[in-house]
Amino acid sequence: MFRLIPKDNSFFAMFAAMSDNLIAGATTLVNLFADYHEVPQKIDQIARIEREGDELTHSILTKLNQTFITPFDREDIHELASKLDDVLDFINAAGARIVMYRITTPPPAAGELAAIILKQCQQLQKAVPLMQKNGDILSHCVEINRLENEADQVAQQAIAQLFDREKDPINLIKIKELLEFLERATDKAEDVANVLETVVLKST
């Protein structure tokens, strides 16, 4: 439990907007694999959400350069914005590979990884507002880390099965890369949790 003394509350609102946008991207990704139709349209939607994320990140960094007194360390504000943006970048990169490689039948593990990404993003959405008030951020960070470990297991098992069953080497490469980008999105969510943990430790 900790409390940050806010110097400029608008940073918290901007981070909340980033986490909400992240939820939108992760939800669209889950919907893509749950109902694998109108794939280009759904991936275009993810790309639009990712561009909105870039704009939100740019807004935070611009404000950071214009603000003399910040609610917590400047380097942590910069790092948190960048790491939140990274999660959405990898969600978008995974979607882009579906179109680029013309993947018609993604493996079930892709949907499982997307669901884990969404769960992590939901934890981040809950944790971010707690920076402004008394709240147990660390419990959300622990769950994000647990989910990242779960994603590692899902990805490793799926890739092992892919090498056992896939006879087309080109298709193997395509599916393997898709799974790896999805797994890396979960790594990036863990990176966000690590930044939040740093903020907590500096504030206690």
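The following legends describe views of a predicted model of a protein.

**Figure 1. Overall fold of the predicted model, with six helices and zero strands.** From the N terminus on, the order of elements is α-α-α-α-α-α. The radius of gyration of the protein is 18 Å, close to the 17 Å given by the globule rule for 204 residues, so the protein is as compact as a globular protein of that length. The C-alpha trace spans about 60 × 30 × 25 Å along its principal axes.

Figure 2. One cavity of 30 Å³ or more is found in a search of the whole structure. The helices α1 (10-34) and α3 (74-100) each contribute at least two residues to the lining of the largest cavity.

**Figure 3. Close-up of the residues that line the largest cavity.** The lining consists of Met18, Asn21, Leu22, Gly53, Leu84, Asp85 and Leu88. Four of the lining residues are nonpolar, two are polar and one is charged.

Key
Residues numbered from 1 in each chain as written. Predicted model: local features only at pLDDT ≥ 70, side-chain atom pairs only at ≥ 80, totals over all residues. Heavy atoms only, no water. 1 Å grid on protein atoms, 1.4 Å probe; cavity = no way out; pocket = protein on both sides within 12 Å on 5 of 7 lines; lining within 4 Å. Points joined across faces, edges and corners; volume = space filled by probe spheres on them. Helix = DSSP H or I, 4+ residues; strand = E, 2+ residues; numbered from the N terminus. Nonpolar A, V, L, I, M, F, W, Y, C, P; charged D, E, K, R; others polar. Rg over C-alpha atoms; globule rule 2.2 N^0.38 Å.
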